[in-house]
Amino acid sequence: MTAIIDSGAGANGGTSPGARTPIIEVRGLVKRFGDTVVHDGLDLEVYRDEVLSIVGGSGTGKTVLLRQIVGLERPSAGTIRLFGEDLAGLDPARLQWMRNRWGMQFQRGALFSSLSVIDNIALPLRELRCLPDNLICEASLLKLELVGLSARDADKMPADLSGGMVKRVALARALALEPELVFLDEPTAGLDPMASDDYVALIRELRRELKLTVVMVTHDLDTLVALSDRVAVLADRKVLAALPIPQLVKIDHPFIREYFLGERGRRALSALSAGANPASDVAAVAGHAGES
Ligand SMILES: Nc1ncnc2c1ncn2[C@@H]1O[C@H](COP(=O)(O)OP(=O)(O)OP(=O)(O)O)[C@@H](O)[C@H]1O
Ligand SMILES: [Mg+2]
């Protein structure tokens, strides 16, 4: 199926992509590991100020896609442009400079187990080698507070943190260099519903305060519905569609039917229609699916 790239309005507060230039532009991406083809002609665009979520079955290549976009993995073919620059054409110094413009929260937190909370957060700043250590500590403490933790947590080791705290510390580290773009890989996976809601509220607030563009991979429907302006569906080795949820749920595809219009999906979508969200036709679609 041909990839559909949306130009619809953001549903959760992001401005409409319209005719603006994307800050991430993936074209004709192919990724192979030996005989395994993970992506085959994948296209995706991400616009400034939006929350773009990526969904897809387990193993469809969501993490591998993020890793290629941030330059941790090389595509087999195709181009990836970030902030207008082709990643493949960048020299190492330029790539390093570009890396300071985004932060990534990895799927499993990826905190260094031998470093304290504050040293984990300070790491990206220390790697820059341009600030004295007292300033680095001060800046890292500010980031810790920004994600809802306190100085009391600074000297804890990763093994002593709850799941929700690990996610927050990982987020604080992703924000250490004050990026304009953050990638979140399964940010609420493994959290209980309350911790998950708190995390969603935190991202909303940070997005507003820091004017972040967010690219998020999640299986969690409630998080997806609460935060996304558009959702990109990864299926058949491509981005099948990248649309606001009300438009997305109208596409006739087995993954979309199963994911959004199953019992859990309909519950999440009706919560969306109950809130101050422009997705009232989502409820209509969800309700209709429930009747059939
Ligand atoms: N370094 C690697 N070498 C070989 N195969 C890999 C490598 N990294 C990922 N893969 C394969 O690429 C495919 C996509 O993996 P990926 O981790 O991106 O899936 P995902 O969509 O993020 O899944 P999940 O939802 O479970 O996190 C899988 O088949 C995986 O085994
Ligand atoms: Mg993954």
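Modeller: Two strands pair if DSSP finds at least two bridges between them. Strands (E, at least two residues) and helices (H or I, at least four residues) are DSSP runs, numbered from the N terminus. Residues are numbered from 1 along each chain as its sequence is written, while chains are lettered from A and ligands numbered from 1 in the order in which they are written. This is a predicted model, in which local features need pLDDT of at least 70, side-chain atom pairs count only at pLDDT 80 or more, and totals for chains, interfaces and linings use all residues.

Colleague: What makes β10 and β11 a pair?

Modeller: DSSP gives 5 bridges between β10 and strand β11 (residues 238–243), in the antiparallel sense. The cut-off is at least two bridges, so the two strands count as paired. One of the bridges joins leucine 234 to valine 239 in β11. The two strands form a hairpin with 2 residues between them, and aspartate 236 in the turn has a positive phi of about 55 degrees.

Colleague: Which sense does the pairing of β4 and β10 have, parallel or antiparallel?

Modeller: Strand β4 (residues 51–56) and β10 pair in the parallel sense, over 5 bridges. Glycine 56 has leucine 234 of β10 as its bridge partner.

Colleague: Why is leucine 52 called buried?

Modeller: A residue is buried if 20 or more other C-beta atoms lie within 10 Å of its own, exposed if 12 or fewer, and partly exposed in between, with C-beta atoms placed from the backbone. Leucine 52 has 25 C-beta neighbours inside 10 Å, so it counts as buried. This residue is found in strand β4. Leaving out residues up to four places away in sequence, leucine 52 touches Val46, Val215, Asp229, Arg230, Ala232 and Ala242; contact requires C-beta atoms, placed from the backbone, within 7 Å. Leucine 52 and alanine 242 are 190 residues apart in sequence, yet 8.3 Å apart in space, C-alpha to C-alpha.

Colleague: Why is strand β10 described as largely enclosed?

Modeller: Of the 6 residues of β10 (residues 230–235), 5 are buried, so the rest of the structure largely encloses this strand.

Colleague: Which residues of α1 are buried, and how do you know that they lie on the same side?

Modeller: The buried residues of α1 are Lys62, Leu65, Leu66, Gln68 and Ile69. They cover an arc of only 160 degrees around the axis, which puts them on the same side of α1. The arc is that of the directions from the helix axis to the C-beta atoms.

Colleague: Which element gives the most to the shell around ligand 1?

Modeller: α1 does, with 3 residues. The residues around ligand 1 include Gly56, Lys62, Thr63 and Val64; a residue is near a molecule or strand if its C-beta atom, placed from the backbone, lies within 6 Å of it.

Colleague: What makes β3 and β6 edge strands?

Modeller: The open sheet has 4 strands in the order β3-β2-β5-β6, with antiparallel pairing. β3 and β6 (85–86) each have a single partner strand, so one side of each is left without a neighbour in the sheet. Strand β5 (residues 77–82) and β6 pair over 2 bridges, and one bridge joins arginine 81 to aspartate 86 in β6.

Colleague: Where does pLDDT stay under 50?

Modeller: pLDDT is the predictor's confidence in each residue, from 0 to 100. The protein chain averages 85, and 86% of the residues score at least 70. Over residues 1–9 the pLDDT is below 50, and over residues 276–292 it stays under 50.

How values were computed
Two residues are in contact if their C-beta atoms, placed from the backbone, lie within 7 Å.
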